[in-house]
Amino acid sequence: LNNGIPISGGFALNHLNRPEQTFFSADPNLLAMKFNFYLKSEIPLKDKIDLIPSLAVYSQGTHREILYGGLFRFETMYSAIHNIYFGGWIRHGDAGIIKIGFDYQNVNIGLSYDLNFSSLRVASNGLGGPEIGIVYIFNSPSPVPIPAKKTCPVFL
């Protein structure tokens, strides 16, 4: 974009060959293809504070899930803990999700909790579910050097 705000995104298709889900039934029970799509951006708000909005769409057969929301990232001045995160998402028509987390050296650690507001609330007794996420962040790989150009001999 012209204003310098980076946007990243991606998509994936799974189960393209629609494999059978059972070994024992004569009726083919084919697994539906799955489609995943996401968009994310990082918007600087103030010195050392960024907004990271995101959108994710998951679809498989008749099932759809749409998540939208984001995180605030606060840069710290500590050497081991680089960033602290806080934010949340809405799972369209189902739940709200809140998250806190931090980057410790090359590891992102997060704790999230989802609160049901759909008809699933009856089954969950009005409670949601906690999740813990641990992600190892690999360092950027070094570029592979391209060998110097060599001219091949000409054969007659």
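Q: How many salt bridges does the count come to?
A: The count comes to five salt bridges in this predicted model.

Q: OK, what does Arg-73 pair with?
A: The side chain of Arg-73 meets that of Glu-42 in a salt bridge, at 2.8 Å from N to O, and Arg-73 also forms a salt bridge with Asp-50, where the closest N and O atoms are 2.9 Å apart.

Q: Where do Arg-73 and Asp-50 lie?
A: Arg-73 is in strand β5 and Asp-50 is in strand β4, which spans residues 49-60, so this pair ties together parts that are 23 residues apart in sequence.

Q: And where is Glu-42, going back to the salt bridge between Arg-73 and Glu-42?
A: In that salt bridge with Arg-73, Glu-42 sits in the loop between β2 (34-41) and β3 (43-46), while Arg-73 belongs to strand β5 (residues 63-75), and the pair links distant parts of the chain, 31 residues apart.

Q: Is Arg-73 buried or exposed, and why?
A: Arg-73 counts as buried because its relative accessibility is 13%, and buried means under 20%.

Q: What about Glu-42 and Asp-50, buried or partly exposed?
A: Glu-42 counts as partly exposed, at 30% relative accessibility, whereas Asp-50 is buried, with a relative accessible area of 11%.

Q: Which residues are linked with them in a network?
A: A network of salt bridges links Glu-65, Arg-91, Asp-94 and Asp-114.

Q: New topic: what volume does the largest pocket have, and which residues are closest to its centre?
A: The largest pocket has a volume of about 890 Å³, and of the 30 residues that line it, those closest to its centre are Ser-54, Leu-71, Trp-89, Lys-99 and Asn-108.

Q: Which strands supply the lining?
A: At least two residues of the lining come from each of β2, β4, β5, β6, β7 (95-104), β8 and β9 (129-136).

Q: And what is the lining by class?
A: The lining of the largest pocket has 16 nonpolar residues, along with six polar and eight charged ones.

How values were computed:
Residues numbered from 1 in each chain as written. Predicted model: local features only at pLDDT ≥ 70, side-chain atom pairs only at ≥ 80, totals over all residues. Heavy atoms only, no water. Salt bridge = Lys/Arg side-chain N within 4 Å of Asp/Glu carboxyl O. Helix = DSSP H or I, 4+ residues; strand = E, 2+ residues; numbered from the N terminus. Buried < 20%, exposed > 50% of the residue type's maximum accessible area, 1.4 Å probe, protein only. 1 Å grid on protein atoms, 1.4 Å probe; cavity = no way out; pocket = protein on both sides within 12 Å on 5 of 7 lines; lining within 4 Å. Points joined across faces, edges and corners; volume = space filled by probe spheres on them. Nonpolar A, V, L, I, M, F, W, Y, C, P; charged D, E, K, R; others polar.
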